[in-house]
Amino acid sequence: MRESEIEKILRVEIEKLNGVCFKFISPGNIGVPDRIVIYPGGKIHFIELKTKKGVLSKAQELQISVLRSKGAEVFVIFGIDGVKQYLEGLKNEV
């Protein structure tokens, strides 16, 4: 499954939880996560999506490290199975 297809499924499922799922583009800052997700109550997740066999680039690893060092919640999700696990983990949070 292509990354764009995985992103679409994630977005639809997040919207079902009354969240918003923004495509994150930050000119001049390569490697930022694909999506910023905001849930009711202000909970924010940064999400990097990969295909099942995808690999993080060095720039992505660096950006994720910077975000986490600031206390941000960052998730790296691999494939549709990873999306399902992420959504399952939200059941008690959102």
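This is a predicted model: local features need pLDDT of at least 70, side-chain atom pairs count only at pLDDT 80 or more; totals for chains, interfaces and linings use all residues.
User: OK, H2. What should its 12 residues span?
Analyst: Helix H2 covers residues 58-69 and should span 16 Å at 1.5 Å a residue. Its end C-alpha atoms are 16 Å apart, which agrees. The expected span is 1.5 Å times one less than the number of residues. Helices are DSSP runs (H or I, at least four residues), strands too (E, at least two), numbered from the N terminus.

User: Which residues of H2 are buried?
Analyst: Gln 60, Gln 63, Ile 64 and Leu 67. Buried means under 20% relative accessible area, exposed over 50%, partly exposed in between (1.4 Å probe, protein chains only).

User: Where do they sit, seen down the axis?
Analyst: The buried residues of H2 fall within an arc of 100°, so they line one face of the helix. The arc is that of the directions from the helix axis to the C-beta atoms.

User: What do they pack against?
Analyst: Strand S3 (44-50) and strand S4 (73-78). On the other side of H2, Lys 58, Leu 62 and Ser 69 are exposed.

User: Switching topic. How many salt bridges are in the whole structure?
Analyst: The search finds 7. A salt bridge is a side-chain nitrogen of Lys or Arg within 4 Å of a carboxyl oxygen of Asp or Glu.

User: Which residue does Glu 7 pair with in a salt bridge?
Analyst: Arg 35 is one partner, with the closest N and O atoms 3.3 Å apart. Glu 7 lies in helix H1 and Arg 35 in strand S2 (residues 35-38), so the pair ties together parts that are 28 residues apart in sequence.

User: Is that pair buried or exposed?
Analyst: Glu 7 and Arg 35 are both buried. Glu 7 has a relative accessible area of 8%.

User: And Lys 50, what does it bridge to?
Analyst: Glu 48, at 3.8 Å between the closest N and O atoms. Lys 50 counts as buried at 9% relative accessibility, and Glu 48 does at 1%.

User: Which residues join into one network?
Analyst: Glu 7, Lys 23 and Arg 35, through salt bridges that share partners.

Methods:
Residues are numbered from 1 along each chain as its sequence is written. Side-chain values use heavy atoms; hydrogens and water are left out. Contact means heavy atoms within 4.5 Å.
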